[in-house]
Amino acid sequence: MSPRSGEKLKRSISLPLLTFYGIGTILGAGIYVLVGKVAGASGMLAPLAFLVAAIVAGITALSYCQLVVNFPRSAGEAYYVEEGFKSRALSIAMGYLVIFTGIVSAATLANGFVGYTASFFAISRPVGITVVVGGMGLVAIWGIAESLWLAAIITLVEVGGLVVIVALGGEVLLDAPSKITEMMVPVSITELSMVLSGAFLAFYAFVGFEDMVNIVEEVKNPKKTMPRAIVIALVLATFLYVLVAMVAILGMPLDELSNSGAPLKELLQKDHAAVGMWIGIISIFAIINGLLT
(Lines give C-alpha, C1' and ligand atoms only; values in the text may rest on other atoms or scores of the structure.)
Protein backbone atom coordinates (compact mmCIF):
# COMPACT_ATOMS: atom_id res chain seq x y z
CA MET A 1 0.00 0.00 0.00
CA SER A 2 1.34 3.43 -0.91
CA PRO A 3 2.20 6.01 1.75
CA ARG A 4 -0.51 8.19 0.21
CA SER A 5 -3.05 6.02 2.01
CA GLY A 6 -1.43 6.77 5.36
CA GLU A 7 -0.02 3.28 5.82
CA LYS A 8 3.47 2.01 5.11
CA LEU A 9 4.81 -1.35 4.04
CA LYS A 10 7.35 -3.22 6.15
CA ARG A 11 10.92 -2.57 5.00
CA SER A 12 12.34 -6.09 5.24
CA ILE A 13 14.35 -6.46 2.02
CA SER A 14 18.16 -6.13 2.17
CA LEU A 15 20.65 -5.58 -0.68
CA PRO A 16 21.54 -9.30 -1.08
CA LEU A 17 17.89 -10.37 -1.12
CA LEU A 18 16.93 -7.61 -3.56
CA THR A 19 19.89 -8.50 -5.81
CA PHE A 20 18.83 -12.14 -5.91
CA TYR A 21 15.30 -11.01 -6.73
CA GLY A 22 16.67 -8.88 -9.56
CA ILE A 23 18.82 -11.68 -10.96
CA GLY A 24 15.84 -14.03 -10.76
CA THR A 25 13.56 -11.62 -12.63
CA ILE A 26 16.19 -11.05 -15.34
CA LEU A 27 17.35 -14.64 -15.83
CA GLY A 28 13.94 -16.28 -15.74
CA ALA A 29 13.57 -19.14 -18.20
CA GLY A 30 14.61 -17.05 -21.20
CA ILE A 31 18.27 -17.99 -21.41
CA TYR A 32 17.45 -21.72 -21.35
CA VAL A 33 15.61 -21.33 -24.67
CA LEU A 34 16.53 -17.94 -26.09
CA VAL A 35 20.22 -18.64 -26.71
CA GLY A 36 19.27 -20.88 -29.64
CA LYS A 37 17.02 -18.26 -31.19
CA VAL A 38 19.69 -15.56 -30.85
CA ALA A 39 22.24 -17.89 -32.45
CA GLY A 40 19.80 -18.45 -35.30
CA ALA A 41 19.63 -14.70 -35.92
CA SER A 42 23.25 -13.73 -35.22
CA GLY A 43 25.24 -16.90 -35.88
CA MET A 44 28.70 -16.86 -34.33
CA LEU A 45 28.08 -13.25 -33.29
CA ALA A 46 25.48 -14.33 -30.69
CA PRO A 47 27.71 -13.32 -27.71
CA LEU A 48 28.00 -9.82 -29.18
CA ALA A 49 24.22 -9.71 -29.67
CA PHE A 50 23.73 -10.42 -25.95
CA LEU A 51 26.28 -7.72 -25.10
CA VAL A 52 24.55 -5.14 -27.32
CA ALA A 53 21.20 -6.03 -25.74
CA ALA A 54 22.78 -5.58 -22.30
CA ILE A 55 24.02 -2.10 -23.22
CA VAL A 56 20.57 -1.06 -24.45
CA ALA A 57 18.96 -2.53 -21.34
CA GLY A 58 21.62 -0.85 -19.21
CA ILE A 59 20.66 2.60 -20.47
CA THR A 60 17.08 1.97 -19.40
CA ALA A 61 18.23 0.44 -16.11
CA LEU A 62 20.25 3.55 -15.25
CA SER A 63 17.13 5.63 -15.89
CA TYR A 64 15.23 3.43 -13.45
CA CYS A 65 18.04 3.86 -10.91
CA GLN A 66 17.53 7.63 -11.00
CA LEU A 67 13.74 7.49 -11.09
CA VAL A 68 13.46 5.13 -8.13
CA VAL A 69 15.69 7.45 -6.08
CA ASN A 70 13.65 10.53 -6.96
CA PHE A 71 10.27 8.79 -6.67
CA PRO A 72 10.55 5.83 -4.27
CA ARG A 73 6.98 4.61 -4.70
CA SER A 74 5.83 1.04 -5.33
CA ALA A 75 3.63 2.10 -8.26
CA GLY A 76 6.77 2.22 -10.41
CA GLU A 77 6.19 3.28 -14.01
CA ALA A 78 2.63 4.49 -13.33
CA TYR A 79 3.91 6.85 -10.64
CA TYR A 80 6.79 8.09 -12.81
CA VAL A 81 4.40 8.96 -15.64
CA GLU A 82 2.09 10.82 -13.27
CA GLU A 83 4.98 12.85 -11.84
CA GLY A 84 6.49 13.51 -15.26
CA PHE A 85 3.36 14.47 -17.19
CA LYS A 86 1.07 15.49 -14.32
CA SER A 87 -1.67 13.41 -15.89
CA ARG A 88 -3.76 11.01 -13.86
CA ALA A 89 -5.23 9.53 -17.06
CA LEU A 90 -1.79 8.69 -18.47
CA SER A 91 -0.80 7.22 -15.12
CA ILE A 92 -3.86 4.95 -15.06
CA ALA A 93 -3.23 3.89 -18.68
CA MET A 94 0.38 3.05 -17.83
CA GLY A 95 -0.77 1.05 -14.80
CA TYR A 96 -3.10 -1.04 -16.95
CA LEU A 97 -0.34 -1.59 -19.52
CA VAL A 98 1.96 -2.89 -16.77
CA ILE A 99 -0.81 -5.20 -15.55
CA PHE A 100 -1.40 -6.41 -19.11
CA THR A 101 2.29 -7.20 -19.71
CA GLY A 102 2.36 -9.05 -16.40
CA ILE A 103 -0.63 -11.16 -17.42
CA VAL A 104 0.86 -11.96 -20.84
CA SER A 105 4.23 -12.82 -19.33
CA ALA A 106 2.71 -15.01 -16.63
CA ALA A 107 0.50 -16.76 -19.18
CA THR A 108 3.50 -17.49 -21.39
CA LEU A 109 5.48 -18.86 -18.45
CA ALA A 110 2.55 -20.94 -17.20
CA ASN A 111 2.20 -22.57 -20.62
CA GLY A 112 5.97 -23.07 -20.72
CA PHE A 113 5.76 -24.82 -17.35
CA VAL A 114 3.26 -27.30 -18.76
CA GLY A 115 5.40 -27.84 -21.86
CA TYR A 116 8.57 -28.63 -19.91
CA THR A 117 6.73 -30.72 -17.32
CA ALA A 118 5.07 -32.76 -20.08
CA SER A 119 8.53 -33.88 -21.24
CA PHE A 120 8.83 -35.78 -17.94
CA PHE A 121 5.27 -36.98 -17.33
CA ALA A 122 1.77 -36.49 -18.72
CA ILE A 123 -0.05 -33.47 -17.34
CA SER A 124 -3.31 -31.76 -18.24
CA ARG A 125 -2.70 -28.19 -19.42
CA PRO A 126 -5.61 -26.64 -17.44
CA VAL A 127 -4.60 -28.53 -14.29
CA GLY A 128 -0.91 -27.67 -14.65
CA ILE A 129 -1.59 -23.98 -15.22
CA THR A 130 -4.05 -23.80 -12.33
CA VAL A 131 -1.65 -25.53 -9.93
CA VAL A 132 1.43 -23.43 -10.76
CA VAL A 133 -0.36 -20.05 -10.91
CA GLY A 134 -2.41 -20.80 -7.78
CA GLY A 135 0.63 -22.10 -5.90
CA MET A 136 2.79 -19.10 -6.69
CA GLY A 137 -0.12 -16.79 -5.90
CA LEU A 138 -0.38 -18.32 -2.42
CA VAL A 139 3.35 -17.85 -1.88
CA ALA A 140 3.07 -14.19 -2.88
CA ILE A 141 0.15 -13.71 -0.47
CA TRP A 142 2.23 -15.33 2.30
CA GLY A 143 4.53 -12.30 2.45
CA ILE A 144 7.12 -10.31 0.52
CA ALA A 145 10.14 -11.46 2.55
CA GLU A 146 9.04 -15.09 2.39
CA SER A 147 8.39 -14.80 -1.36
CA LEU A 148 11.81 -13.28 -1.98
CA TRP A 149 13.58 -15.93 0.08
CA LEU A 150 11.96 -18.61 -2.05
CA ALA A 151 12.82 -16.64 -5.20
CA ALA A 152 16.44 -16.34 -3.99
CA ILE A 153 16.67 -20.10 -3.44
CA ILE A 154 15.28 -20.84 -6.91
CA THR A 155 17.60 -18.21 -8.39
CA LEU A 156 20.55 -20.06 -6.88
CA VAL A 157 19.29 -23.21 -8.63
CA GLU A 158 19.02 -21.30 -11.92
CA VAL A 159 22.49 -19.81 -11.65
CA GLY A 160 23.83 -23.18 -10.56
CA GLY A 161 22.44 -24.72 -13.74
CA LEU A 162 24.20 -22.12 -15.89
CA VAL A 163 27.45 -22.64 -13.97
CA VAL A 164 27.18 -26.41 -14.57
CA ILE A 165 26.65 -25.77 -18.29
CA VAL A 166 29.75 -23.59 -18.43
CA ALA A 167 31.78 -26.02 -16.30
CA LEU A 168 30.89 -29.16 -18.27
CA GLY A 169 30.89 -27.49 -21.66
CA GLY A 170 33.74 -25.17 -20.79
CA GLU A 171 36.38 -27.11 -22.69
CA VAL A 172 35.18 -25.41 -25.86
CA LEU A 173 36.10 -22.05 -24.32
CA LEU A 174 39.72 -22.99 -24.95
CA ASP A 175 38.94 -22.16 -28.59
CA ALA A 176 37.46 -18.79 -27.65
CA PRO A 177 40.70 -16.73 -27.90
CA SER A 178 41.26 -17.86 -31.50
CA LYS A 179 37.62 -17.10 -32.40
CA ILE A 180 37.08 -13.93 -30.39
CA THR A 181 37.04 -11.78 -33.53
CA GLU A 182 34.51 -14.09 -35.15
CA MET A 183 32.26 -13.81 -32.07
CA MET A 184 32.67 -10.13 -31.29
CA VAL A 185 33.54 -8.15 -34.44
CA PRO A 186 31.07 -7.82 -37.35
CA VAL A 187 33.00 -7.23 -40.58
CA SER A 188 30.15 -6.30 -42.91
CA ILE A 189 26.81 -4.53 -42.97
CA THR A 190 25.15 -7.94 -43.22
CA GLU A 191 26.84 -9.18 -40.05
CA LEU A 192 26.00 -5.92 -38.27
CA SER A 193 22.33 -6.39 -39.16
CA MET A 194 22.57 -9.97 -37.85
CA VAL A 195 23.90 -8.66 -34.54
CA LEU A 196 21.06 -6.15 -34.27
CA SER A 197 18.48 -8.83 -35.09
CA GLY A 198 19.91 -11.09 -32.40
CA ALA A 199 20.09 -8.21 -29.92
CA PHE A 200 16.41 -7.48 -30.56
CA LEU A 201 15.61 -11.04 -29.44
CA ALA A 202 18.20 -11.05 -26.65
CA PHE A 203 16.73 -7.90 -25.11
CA TYR A 204 13.83 -10.05 -23.85
CA ALA A 205 16.35 -11.96 -21.73
CA PHE A 206 17.18 -8.74 -19.86
CA VAL A 207 13.60 -7.71 -19.16
CA GLY A 208 12.85 -7.94 -15.45
CA PHE A 209 14.98 -5.32 -13.72
CA GLU A 210 12.08 -2.87 -14.04
CA ASP A 211 10.03 -5.09 -11.72
CA MET A 212 12.48 -4.39 -8.93
CA VAL A 213 11.22 -0.82 -8.47
CA ASN A 214 7.73 -2.10 -7.68
CA ILE A 215 8.88 -3.32 -4.26
CA VAL A 216 10.88 -0.20 -3.36
CA GLU A 217 8.64 0.61 -0.37
CA GLU A 218 9.64 -2.70 1.20
CA VAL A 219 13.41 -2.19 0.76
CA LYS A 220 15.75 -1.07 3.50
CA ASN A 221 17.50 2.23 2.70
CA PRO A 222 16.01 2.22 -0.82
CA LYS A 223 17.85 5.27 -2.20
CA LYS A 224 21.15 3.41 -1.90
CA THR A 225 20.00 -0.20 -2.08
CA MET A 226 17.80 -0.03 -5.20
CA PRO A 227 20.35 1.45 -7.67
CA ARG A 228 23.09 -0.87 -6.42
CA ALA A 229 20.91 -3.96 -6.72
CA ILE A 230 19.71 -3.05 -10.23
CA VAL A 231 23.27 -2.52 -11.52
CA ILE A 232 24.70 -5.62 -9.82
CA ALA A 233 21.87 -7.83 -11.10
CA LEU A 234 22.25 -6.56 -14.67
CA VAL A 235 26.05 -6.94 -14.70
CA LEU A 236 25.95 -10.50 -13.33
CA ALA A 237 23.20 -11.52 -15.76
CA THR A 238 25.18 -10.07 -18.69
CA PHE A 239 28.32 -11.97 -17.66
CA LEU A 240 26.39 -15.26 -17.47
CA TYR A 241 24.56 -14.68 -20.75
CA VAL A 242 27.70 -13.91 -22.76
CA LEU A 243 29.59 -16.85 -21.24
CA VAL A 244 26.74 -19.30 -21.87
CA ALA A 245 26.30 -17.99 -25.43
CA MET A 246 29.99 -18.65 -26.11
CA VAL A 247 29.76 -22.20 -24.77
CA ALA A 248 26.62 -22.85 -26.81
CA ILE A 249 27.88 -21.62 -30.20
CA LEU A 250 31.26 -23.31 -29.77
CA GLY A 251 29.76 -26.54 -28.46
CA MET A 252 26.93 -27.17 -30.95
CA PRO A 253 26.50 -26.80 -34.71
CA LEU A 254 24.66 -23.54 -35.36
CA ASP A 255 21.80 -25.19 -37.25
CA GLU A 256 21.12 -27.62 -34.38
CA LEU A 257 21.42 -24.84 -31.82
CA SER A 258 19.01 -22.51 -33.62
CA ASN A 259 16.40 -25.22 -34.24
CA SER A 260 16.41 -26.65 -30.72
CA GLY A 261 13.56 -25.97 -28.30
CA ALA A 262 15.83 -26.80 -25.35
CA PRO A 263 19.33 -25.95 -26.59
CA LEU A 264 21.16 -25.98 -23.27
CA LYS A 265 19.69 -29.34 -22.38
CA GLU A 266 20.76 -30.77 -25.74
CA LEU A 267 24.19 -29.18 -25.41
CA LEU A 268 24.93 -31.50 -22.49
CA GLN A 269 22.71 -34.42 -23.49
CA LYS A 270 25.27 -36.12 -25.73
CA ASP A 271 28.16 -36.42 -23.25
CA HIS A 272 26.28 -35.89 -19.98
CA ALA A 273 22.81 -37.42 -20.37
CA ALA A 274 21.91 -37.30 -16.68
CA VAL A 275 23.00 -33.68 -16.39
CA GLY A 276 21.00 -32.81 -19.49
CA MET A 277 17.90 -34.15 -17.76
CA TRP A 278 18.63 -32.01 -14.70
CA ILE A 279 18.96 -28.93 -16.90
CA GLY A 280 15.41 -29.64 -18.06
CA ILE A 281 14.30 -29.79 -14.41
CA ILE A 282 16.13 -26.54 -13.62
CA SER A 283 14.32 -24.92 -16.55
CA ILE A 284 11.04 -25.78 -14.82
CA PHE A 285 12.30 -24.09 -11.65
CA ALA A 286 13.28 -21.06 -13.74
CA ILE A 287 9.75 -20.83 -15.08
CA ILE A 288 8.30 -21.10 -11.57
CA ASN A 289 10.62 -18.33 -10.43
CA GLY A 290 9.48 -16.13 -13.30
CA LEU A 291 5.86 -16.64 -12.30
CA LEU A 292 6.62 -15.86 -8.65
CA THR A 293 8.55 -12.67 -9.34
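Ile31 is buried, its relative accessible area being 0%. The word buried stands for under 20% relative accessible area, exposed for over 50%, and partly exposed for values in between (1.4 Å probe, protein chains only). Ile31 belongs to helix 2 (residues 30-42). Helices here are DSSP runs (H or I, at least four residues), numbered from the N terminus. Ile31 and Lys265 lie 11 Å apart in space, C-alpha to C-alpha, while 234 residues separate them in sequence.

## Basis of the model

This is a predicted model, in which local features need pLDDT of at least 70 and side-chain atom pairs count only at pLDDT 80 or more, whereas totals for chains, interfaces and linings use all residues. Residues are numbered from 1 along each chain as its sequence is written, and side-chain values use heavy atoms, with hydrogens and water left out.

## Helix packing

Two packed helices are described by the angle between their axes and the distance between the axes. Axes are lines fitted to C-alpha atoms, for helices over the stretch in contact, and angles run from 0 to 180 degrees between N-to-C directions.

Helix 1 (residues 15-27) crosses helix 7 (residues 144-169) at roughly 55°, and their axes come within 8 Å. That angle makes helix 1 oblique to helix 7. Oblique covers what remains once angles under 35 degrees are taken as roughly parallel, over 145 as roughly antiparallel and 65 to 115 as roughly perpendicular. The crossing of helix 1 and helix 7 is left-handed. A crossing is left-handed if the near helix is turned anticlockwise from the far one by less than a right angle, and right-handed if clockwise.

Helix 3 (residues 46-70) packs against helix 9 at an angle of about 60°, with the axes 8 Å apart. Helix 3 is therefore oblique to helix 9. The crossing of helix 3 and helix 9 is right-handed.

Side chains of opposite charge can pair when their charged atoms come close. The structure holds two salt bridges, each defined as a side-chain nitrogen of Lys or Arg within 4 Å of a carboxyl oxygen of Asp or Glu. One joins the side chains of Glu82 and Arg88 at 3.2 Å, N to O. Glu82 is buried at 16% relative accessibility, whereas Arg88 is exposed at 52%.

In the other, the side chains of Lys86 and Glu83 meet at 3.6 Å, N to O. Lys86 is exposed, with 64% relative accessibility, and Glu83 is partly exposed, with 22%.

## Positive phi in two loops

Most residues other than glycine have a negative phi, and most peptide bonds are trans. Lys86, although not a glycine, has a positive phi of about 55°. Lys86 sits in the loop between helix 4 (77-85) and helix 5 (88-118).

Asn221 is also not a glycine and has a positive phi of about 45°. Asn221 is found in the loop between helix 9 (189-202) and helix 10 (222-251). With a relative accessible area of 48%, Asn221 counts as partly exposed.

## A nonpolar surface patch

Ile92, Tyr96, Ile99 and Ile103 make a nonpolar surface patch of about 440 Å². Patches are made of residues with over 30% relative accessible area and no salt bridge; like charges are joined within 9 Å, and nonpolar side chains (Val, Leu, Ile, Met, Phe, Trp, Tyr) within 5 Å. Accessible areas come from the Shrake-Rupley method with a 1.4 Å probe, and for residues only the protein chains shown count as cover. Ile92 lies in helix 5 and is partly exposed, with a relative accessible area of 42%.
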